[in-house]
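Q: Hi! Could you walk me through this one, starting with the fold and then the aromatic side chains?

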Amino acid sequence: MGSFIGTYEYNLDSKNRLVVPAQFKELIGNTFIVRAKLGKFSHIDCFFPDKFEETVNAEIASYIQKGLPTDMAAAMARTCSSAVTVDAHGRICIPGKILERAHIGKESVFQGMGDRFEIWNSKIHDEYNDMLAAEADRLFEAQMAENQKRYEYMSEGYMLDIKNTGIK
């Protein structure tokens with residue numbers, strides 16, 4: 001099995017249908033599970049059925065470990081999900097409630113994520129990518145600062161070794 005890679009922009013039609021990118025359709029076959037992922041960067045997660053169950057079971061276990069009752073944990077992990085089928089024209093019809101919860105409007109973005117893919121509102125996707133870029137910059141700066149400290153430490157150690165040898 002291949003993996004979902006790439007970013008593709010598509011428009012939602014008046015019947016809540018989206019064309020699935022050809023590269024993704026080759027991998028998913030005819031049916032997969034969609035689920036609204038809520039929060040600041042809401043979007044739709046799209047899974048193979050077995051991957052959906054694996055993901056949901058792990059989330060339920062995590063919620064229970066954090067103290068949620070089992071029924072509430074299951075509801076949180078499974079709410080706003082549905083099986084969808086790819087039609088003969090390569091389109092999927094996503095239930096309105098899922099689109100609404102994920103803030104998907106006319107302009108959408110498919111984002112490959114390896115073993116699954118996501119569908120985003122294009123503006124939210126841009127905001128998310130801006131946040132990722134800022135985080136990458138922060139991590140880069142932190143790594144550069146750590147490298148500088150390491151260099152200074154090694155230089156000081158080298159200078160101490162030279163002083164101890166009597167070389168001028």
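A: Happy to; we'll take the sheet, then the helix, then the rings.

Q: Before we start, what kind of model is this?
A: This is a predicted model.

Q: Good to know. What order do the strands of the sheet come in?
A: The sheet is open and has 6 strands, ordered S1-S7-S8-S4-S3-S5, and the pairing is antiparallel.

Q: Which strands stand at the edges?
A: Those are S1, residues 7–11, and S5, residues 81–85. Each has a single partner strand, so one side of each is left without a neighbour in the sheet.

Q: And what does the twist average?
A: From one strand to the next, the twist averages 25°.

Q: How many bridges are there between S3 and S5?
A: Strand S3, residues 31–37, pairs with S5 over 5 bridges, in the antiparallel sense.

Q: Let's move to helices. Which strands does H2 lie across?
A: Helix H2, residues 49–65, lies across S3, S4 (43–47) and S5. Relative to S3, H2 runs at about 35°.

Q: Now the rings, please. How many aromatic pairs are there?
A: The count comes to 12 aromatic pairs. One of them is Phe4 with Phe117, a tilted pair at 5.1 Å centre to centre with 55° between the planes.

Q: Where do those two sit in the chain?
A: Phe4 is in the segment before S1, while Phe117 is in strand S8, residues 117–121.

Q: Is Phe4 buried or exposed? 
A: Phe4 has a relative accessible area of 2%, so it counts as buried, the limit being under 20%. Phe117 is buried too, at 1% relative accessibility.

Q: What about Phe32 and Phe117?
A: Phe32 and Phe117 form a tilted aromatic pair as well, 5.4 Å centre to centre and with 55° between the planes. Phe32 is buried, with a relative accessible area of 0%.

Q: Last one: which residues do the ring pairs link into a cluster?
A: The cluster is made up of Phe4, Tyr8, Tyr10, Phe24, Phe32, Phe48, Phe110 and Phe117.

Note on methods
Residues numbered from 1 in each chain as written. Predicted model: local features only at pLDDT ≥ 70, side-chain atom pairs only at ≥ 80, totals over all residues. Heavy atoms only, no water. Pairing = 2+ DSSP bridges. Helix = DSSP H or I, 4+ residues; strand = E, 2+ residues; numbered from the N terminus. Axes fitted to C-alpha atoms, helices over the stretch in contact; angles between N-to-C directions. Contact = heavy atoms within 4.5 Å. Phe/Tyr/Trp six-rings, centres within 6.5 Å; stacked < 30°, edge-to-face > 60°. Buried < 20%, exposed > 50% of the residue type's maximum accessible area, 1.4 Å probe, protein only.
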